[in-house]
Amino acid sequence: MKVKPEIVKEGAGSHMRSFLISLPQRRGSRPVFPRILALAILAAASGNLFAQTSPVDPVTIDNIWKQANSKYDAPRAEILKEVDRQANQGPFRPDWKSLQKYREPDWYPDAKFGIFIHWGLYSVPAFDNEWYSRNMYQKDSPEFKHHIATYGPQSKFGYKDFIPKLTAAHFDPQAWARLFREAGARYVVPVAEHHDGFPMYLSNLTDWCAGKMGPQRDIVGDLANAIRAEGLHFGASSHRAEHDWFFDGGREFDSDVNDPRHAAFYGPAHPRLVKPGYEDRLIQDWTYVSPAFMDDWLARTAEIVQKYHPDMIYFDWWVGQPAFRGHLTRFAAFYYNQGAQRGTGAVINYKNDDFEEQTATLDVERGQLTNIRPMHWQTDTSLSNGSWGYIENDTYKTPELIIHLLADVVSKNGNLLLNVGPRPDGTIPEAAQQVLHEIGGWLKLNGEAIYGTRPWRLYGEGPTKVFGGSFHENDTKPYTPEDFRFTTKGGSLYAIELGWPKDGRVTIHALGGNAPDEKKVTSVTLLGSDAKVDWQQQPDGLHLQLAAQPTGKYAYTFRVLFQ
């Protein structure tokens with residue numbers, strides 16, 4: 001079937017003609033795409049493929065997206081073939097039982113502190129948060145209104161039009177890596193691809209990437225080299241899964257999301273189908289996910305591994321959508337077998353219930369735990385108070401807040417991954433750099449109590465209640481001088497005090513000397529200070545008499561040795 005030329009009007013819809021004619025048909029049978037063609041004919045006349053009140057069916061949407069990406073079918077198929085080969089050659093196989101053999105490499109639980117980087121097209125509008133890409137197409141949202149007022153309607157200036165403005169003109173990966181090392185980080189995890197579908201690397205699976213558009217530079221590759229040159233571990237983060245529906249708002253009105261010339265970037269943009277309030281309970285998520293999209297997700301994620309050999313891969317939450325489970329096992333076996341072959345091991349971070357808990361490492365976004373978790377875990381939060389990516393007039397968490405969070409997380413067998421959001425020109429805001437330097441200064445004095453440590457029998461003590469779970473980081477009140485966090489290494493116990501007592505007196509109740517299983521304290525030293533600490537171990541605890549003014553800032557570490 002062909003589209004009659006006289007039916008297709010010139011103008012906004014004329015680009016549909018060659019696109020629809022090129023769609024394949026099934027040989028010896030009825031055409032595969034009669035509905036696409038009918039929709040296209042009607043829509044071309046109005047200048048918009050999806051300019052209609054009723055939603056287009058997901059198969060039609062998916063076929064348009066697949067056609068737009070068809071030039072990469074061969075390299076995608078080659079990567080998938082290699083994934084399945086390696087997933088079945090090595091100690092791991094693509095099933096959850098086999099993946100329970102997962103063991104973290106030693107560097108990861110020893111590292112304790114890492115840097116996360118959210119840098120992408122969303123840094124250009126620099127408004128509200130890194131979900132600008134989605135929200136600018138959500139009617140009545142602040143981003144929607146801001147976008148029209150600032151750039152014009154989404155049909156004329158869409159998200160894609162920010163690409164030339166991501167210049168990276170002052171991007172210095174070596175300077176970034178030095179800053180992160182000086183901040184005390186032991187690993188760095190840039191976002192390789194966010195929900196917006198614009199990879200920050202040179203991809204062989206799409207034209208829409210930083211290596212071919214915008215900065216025209218392999219950002220992730222340059223960072224990988226610089227980070228490793230500083231002796232740090234390199235990780236990568238993939239948020240590609242959410243792209244399946246991320247631009248669905250643009251289907252509801254006249255926007256560039258509906259232009260099939262841009263389907264390779266915006267698509268599939270399926271309507272998200274989930275009950276309000278259940279967005280994180282993915283067992284209740286019924287959004288359409290096609291096998292083709294999952295294959296593309298797997299190939300893109302595997303491409304990151306093949307190109308950069310990251311020590312860890314971080315996944316955002318939507319890989320837990322039930323449709324992904326089979327593809328997750330294929331990726332995990334492929335990635336873990338590669339790590340085993342190199343002798344380096346490999347780490348996968350997951351959220352919520354996205355992985356079986358023994359097959360990867362749990363990440364608790366913007367949250368803490370209330371007690372020690374026997375299995376090692378991680379929390380991630382942003383240095384920014386308002387966003388993961390750069391926004392104008394941003395404010396930042398204080399060094400004290402971050403250091404207290406780090407001490408709490410480490411005492412409970414976790415790591416802290418702290419995010420920074422660079423500007424579109426590649427510079428890191430000076431205020432953010434200052435906080436990082438302050439954290440690094442504290443770790444130079446107190447890192448002995450952080451790096452390479454393990455939990456004690458108690459995580460700590462004190463009056464301040466910690467609220468557990470994701471997205472509760474702002475619910476915990478400020479800590480006091482009576483709050484301590486404990487870590488151990490070798491024969492030493494480290495008691496990190498989260499404040500300095502005004503009268504110089506403090507008691508660590510967990511170190512009382514009357515219990516039969518308590519060892520006798522023989523030495524107490526304040527890290528970073530040559531001053532003698534006066535102490536007495538009494539039945540109700542270890543009593544310390546300190547100077548009126550503290551040595552150091554933010555939190556204070558006592559090394560305690562026993563008989």
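How do the residues of the lining of the largest pocket divide into nonpolar, polar and charged? In this predicted model, the lining comprises 5 nonpolar, 10 polar and 9 charged residues. Altogether 24 residues line the largest pocket, and those lying nearest its centre are Glu130, Trp131, Glu365, Trp388 and Phe471. The space within the largest pocket amounts to about 470 Å³.

The second largest pocket holds about 330 Å³ of space, and among the 14 residues that line the second largest pocket, Leu401, Glu473, Thr476, Lys477 and Tyr479 are the closest to its centre. When the lining of the second largest pocket is sorted by class, 4 residues are nonpolar, 5 are polar and 5 are charged.

From the pockets we can turn to the helices. Two packed helices are described by the angle between their axes and the distance between the axes. Helix α4, which spans residues 73-87, packs with helix α12, which spans residues 291-308, at an angle of about 75 degrees and with the two axes 9 Å apart. Because angles of 65 to 115 degrees count as roughly perpendicular, α4 and α12 are roughly perpendicular to each other. On the α4 side, the contact is made by Arg76, Ile79, Leu80, Glu82 and Val83, which meet Asp295, Asp296, Leu298, Ala299, Ala302, Glu303 and Gln306 of α12. Sorted by class, the residues of this contact between α4 and α12 are 6 nonpolar, 1 polar and 5 charged.

One residue of this contact can be followed further. Arg76, which is found in helix α4, has a relative accessible area of 11% and is therefore buried, since buried means under 20% relative accessible area.

Which elements do the buried residues of α10 pack against? They pack against β1 (113-117), α9 (173-182), β2 (187-193), β3 (233-238) and α12. In α10 itself, which covers residues 219-229, the buried residues are Ile219, Val220, Gly221, Leu223, Ala224, Ala226 and Ile227. Just after α10 comes Gly231, whose phi is positive, at about 80 degrees.

Note on methods. Residues numbered from 1 in each chain as written. Predicted model: local features only at pLDDT ≥ 70, side-chain atom pairs only at ≥ 80, totals over all residues. Heavy atoms only, no water. 1 Å grid on protein atoms, 1.4 Å probe; cavity = no way out; pocket = protein on both sides within 12 Å on 5 of 7 lines; lining within 4 Å. Points joined across faces, edges and corners; volume = space filled by probe spheres on them. Nonpolar A, V, L, I, M, F, W, Y, C, P; charged D, E, K, R; others polar. Axes fitted to C-alpha atoms, helices over the stretch in contact; angles between N-to-C directions. Helix = DSSP H or I, 4+ residues; strand = E, 2+ residues; numbered from the N terminus. Parallel < 35°, antiparallel > 145°, perpendicular 65-115°, else oblique. Contact = heavy atoms within 4.5 Å. Buried < 20%, exposed > 50% of the residue type's maximum accessible area, 1.4 Å probe, protein only.
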